Amino acid sequence: MNMHTTDVMSPPAPSRLADMKLSTVMMRDIILKTMFRKNVDVVSELSATVCLPVPVTQELVDLARGQQLLEATGTLNANNGDEMGYQLTEQGKARALDALAQSEYFGPMPVPLDVYRAQVKRQSIRNIMVTKGQLTDAMGHLVLPNDLLGQLGPAVSAGRSILMYGPPGNGKSSISNGIRDALGDQIYVPRAIEYAGQVITVYDPIVHVAVEDEAEDPTCLRRRTRFDKRYVKCERPTVITGGELSLNMLDLVYNPTARTYQAPLQLKSTGGIFIVDDLGRQAEPPQALVNRWIVPLEEGKDILALQSGEKFEVPFDTLVIFSTNFHPNEIFDQAALRRIFFKIKIDGPNQEDFLKIFAMMAKKRGMPLDEATLVHLLKVKYPEIDNVYANYQPIFLIDQMIAICEFEGIPYQMRPDLLNRAWANMFVKSEKIVK
């Protein structure tokens, strides 16, 4: 990613209070709550805590002083470059407690939803062009049919929705992760956003991988803030959900104690990828889950609701990857299928690719190949299951043979009899169990 692009994408830092587009009362209260809760008393420290430039923080401090909510302590703080210290007045403490009763939120100043919308456009997943080389590199550890990358490339570059389907054990999840690795650039995630006076936290260290920004040179005379520090510079996020996904996980999460909201999964994945793995294994029918995504997928916006019932729009800028072991016609009606932009079948490997995977995995595990065992596998064992190969089978069989060798204290080796024992563990015969 070249610097130029990152500069284009970075959110500009506000240079004065008028740029903030937040209510002055809300900003002043966050300053008071932060000073009350975190015990900070100089502007430089306060500025770092609320993630605003020093001049903007100073404006807020002056405003609170003008309202007799803060006072200068009259002592210059020697530890902080002889800065003036400030403290809450009795009236300021009362106001801070009052504000905390309305919302426990303090710390980083939130980004207004409209300002965030503009940032989402600047760093949209739809602006990404993934080259064949990037995709090949990211999928390097997988043996894939040649035409599969040709199908995946345009799907990823379009930033729309992808449905991968096919028999289990053929790497749909690995391919999803490979797509994530191919993106490779960085975006800016807000710590919190604001809508109608309500704060919604977005940045989540479990979902977002923060990237260290180049350190500022302290000797530099003009220390410019490279971007708005209310955002965290992160790798494009990836949210992976499986059988546990339910519709209410896609709603705002309200914390009644703190009186703040947490962004739902799809909002946290903005600018990145949302993977719904194992579609069809959730409590809700796949059709219902896809119906929930239809408006966002088509219109690029999602609708969320506050506790009050008020609904509002947030940007939906996510590459959604559905992955299922069912045939699409079994779980969707035609209307839903039409709305999923790319449908890609991930099949098991042919015999040639199967052998490539087998050799690659054996080498990785330090297991010498044995011709007689491979002939036995292909001529005797696979015909028993109509020669249906799957990507997971080589590593399963090799690991089973390794486990037997280690147990019996013999060097790693492949033999037809060891293979038969490994094979027996891969498929369980259906039989009646006598109780």
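Which residue's side chain meets that of K301 in a salt bridge? It's E299, with N and O 3.7 Å apart. Keep in mind as you look that this is a predicted model. How open are the two partners? K301 is partly exposed, with a relative accessible area of 27%, and E299 is partly exposed too, at 47%.

Now hop along to K345 and D347. Their side chains also meet in a salt bridge, this one at 3.0 Å from N to O. K345 has a relative accessible area of 40%, so K345 counts as partly exposed. D347 comes out as partly exposed as well, at 40%.

Next, find helix α15, which covers residues 371-384. Here E384 and K381 pair up, with their closest N and O atoms 3.3 Å apart. These two sit three residues apart in the helix, or about one turn. Is K381 buried or exposed? K381 is buried, because its relative accessible area is 10% and the cut-off for buried is under 20%.

Salt bridges can link up, too: R28, D29, R95 and D98 form a network of them. Counting across the model gives 20 salt bridges.

Helix α2 (residues 24-38) meets helix α5 (residues 90-102) at an angle of about 105 degrees, and their axes are 9 Å apart. That angle means α2 and α5 are roughly perpendicular to each other. On the α2 side, the contact uses R28, D29, L32, K33, F36 and R37, while α5 brings G92, K93, R95, A96, L97, A99 and L100. Sorted by class, this contact has six nonpolar, one polar and six charged residues.

Technical notes: Residues are numbered from 1 along each chain as its sequence is written. This is a predicted model: local features need pLDDT of at least 70, side-chain atom pairs count only at pLDDT 80 or more; totals for chains, interfaces and linings use all residues. Side-chain values use heavy atoms; hydrogens and water are left out. Axes are lines fitted to C-alpha atoms, for helices over the stretch in contact, and angles run from 0 to 180 degrees between N-to-C directions. Helices (H or I, at least four residues) and strands (E, at least two) are DSSP runs, numbered from the N terminus. Angles under 35 degrees count as roughly parallel, over 145 as roughly antiparallel, 65 to 115 as roughly perpendicular and the rest as oblique. Contact means heavy atoms within 4.5 Å. Ala, Val, Leu, Ile, Met, Phe, Trp, Tyr, Cys and Pro count as nonpolar, Asp, Glu, Lys and Arg as charged, and the others, Gly among them, as polar. A salt bridge is a side-chain nitrogen of Lys or Arg within 4 Å of a carboxyl oxygen of Asp or Glu. Buried means under 20% relative accessible area, exposed over 50%, partly exposed in between (1.4 Å probe, protein chains only).
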